[in-house]
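Me: I would like to go through this structure and ask what stands behind each term. Please set every value against its definition.

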Amino acid sequence: MSQTLMASAVAHGNTIKLHALSESERLTLPISSYRLPDGRHQVISEYQDETWRLEDARFSSNTKDSKKKLRFLSLPQRFVPAVRFAIKHYDLQNNPRGATLVEFFNATRQFLRYLDSLNIKCIKDITPLVCATYVQQTKEALSARNKPLSQAALLNRFLSVETLQRHLRGTQWAFPHPWEESSALHLAGMTGQTSVPKAKTEIIPEDQLKVLVPACQALIEQAHELVAVKQSLEAKRAELHATGVSVSQVNRKLQTSVLTPNGFASFSEFNRCCHY
């Protein structure tokens, strides 16, 4: 790595607005650096690197070198651009300890692998339903010692989802709050949850969720098309009435000019789609 800076990578980051940069401009952003004898700073890792190696000063002195790295090749690759952005934005906004960033990365990896198992194609396709099922799956998971995950481990995983969502706001990868009326603390059982009534809705099995999530996504995408068709119908109806077309002819002309070109055989078919 030949890039050198007049200030540290952290100080350099404080001068930029990540949202304002294009993807190509972000690729060469310095992630970490060390100070040279002449006062300049040698870049260790750049944004585009497959591994980000964080500065030693951000860790306790006994931290192993392998624990100072974020390895993006360990993630499903279609999610990497969004994760890079979220981590860098988190770092710029909060300047956390190195260990905190590594913990966030590792916990997020668990969530992304779950998304991968559901064939989620993009971070922006995450829904509260997907997150609710992830919570249930995580609570049923076992540790390396074949025991249920501790409350601290659950909290770490759920916080990572909240953090990912928060730092992707306003980007092309933005997705809804994972649990609008709850929190990572509550879901991990750390807020006196015993007094809260248990949910009565059964968790959807994962094999069924794999079918349900894409179907729901398709319906959501279709909703925009239906709204556009409905607006066209209303505009055309007003136009026909204004030109004196008889009431008996209006629906026929709406069918031929609006519904048929948009793939609807009849008003009843269009109305059924609108009521899904």
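Me: Which element gives the largest share of the lining of the second largest pocket?

Reply: Helix α4 does, with five residues. The model is predicted, so local features need pLDDT of at least 70 and side-chain atom pairs count only at pLDDT 80 or more, while totals for chains, interfaces and linings use all residues. Residues are numbered from 1 along each chain as its sequence is written, and side-chain values use heavy atoms, with hydrogens and water left out.

Me: What makes a residue part of the lining of a pocket?

Reply: On a 1 Å grid over the protein atoms alone, a pocket is an open set of points with protein on both sides within 12 Å along at least five of seven lines, and lining residues have an atom within 4 Å of a point. The residues that line the second largest pocket include Ser 66, Arg 71, Phe 105 and Arg 109. Its volume is about 180 Å³.

Me: What makes a space a cavity, and how many of 30 Å³ or more are found?

Reply: In a cavity a 1.4 Å probe fits but cannot get out. The search of the whole structure finds one of 30 Å³ or more. Ile 31, Trp 52, Leu 54, Ile 87, Lys 88, Asp 91 and Leu 101 line the largest cavity.

Me: How many residues of that lining are nonpolar, and how many charged?

Reply: Five are nonpolar and two are charged, with no polar ones. Ala, Val, Leu, Ile, Met, Phe, Trp, Tyr, Cys and Pro count as nonpolar, Asp, Glu, Lys and Arg as charged, and the others, Gly among them, as polar.

Me: Why is α3 called roughly perpendicular to α6?

Reply: Helix α3 (residues 80–94) and helix α6 (residues 151–167) pack at an angle of about 85°, with axes 9 Å apart. Angles of 65 to 115 degrees count as roughly perpendicular, so α3 is roughly perpendicular to α6. On the α3 side the contact (heavy atoms within 4.5 Å) includes Phe 85 and His 89, and on the α6 side it includes Leu 164. Of the residues in this contact, four are nonpolar, five polar and none charged.

Me: Why is Phe 175 called buried?

Reply: Buried means under 20% relative accessible area, with a 1.4 Å probe and protein chains only. Phe 175 has 6%, so Phe 175 is buried. Phe 175 lies in the loop between α6 and α7 (184–187). Not counting residues up to four places away in sequence, Phe 175 touches several residues, among them Ile 123, Val 161 and Leu 168.

How values were computed
Axes are lines fitted to C-alpha atoms, for helices over the stretch in contact, and angles run from 0 to 180 degrees between N-to-C directions. Helices (H or I, at least four residues) and strands (E, at least two) are DSSP runs, numbered from the N terminus. Angles under 35 degrees count as roughly parallel, over 145 as roughly antiparallel, 65 to 115 as roughly perpendicular and the rest as oblique. Grid points are joined across faces, edges and corners, and a volume is the space filled by probe spheres set on the points. Buried means under 20% relative accessible area, exposed over 50%, partly exposed in between (1.4 Å probe, protein chains only).
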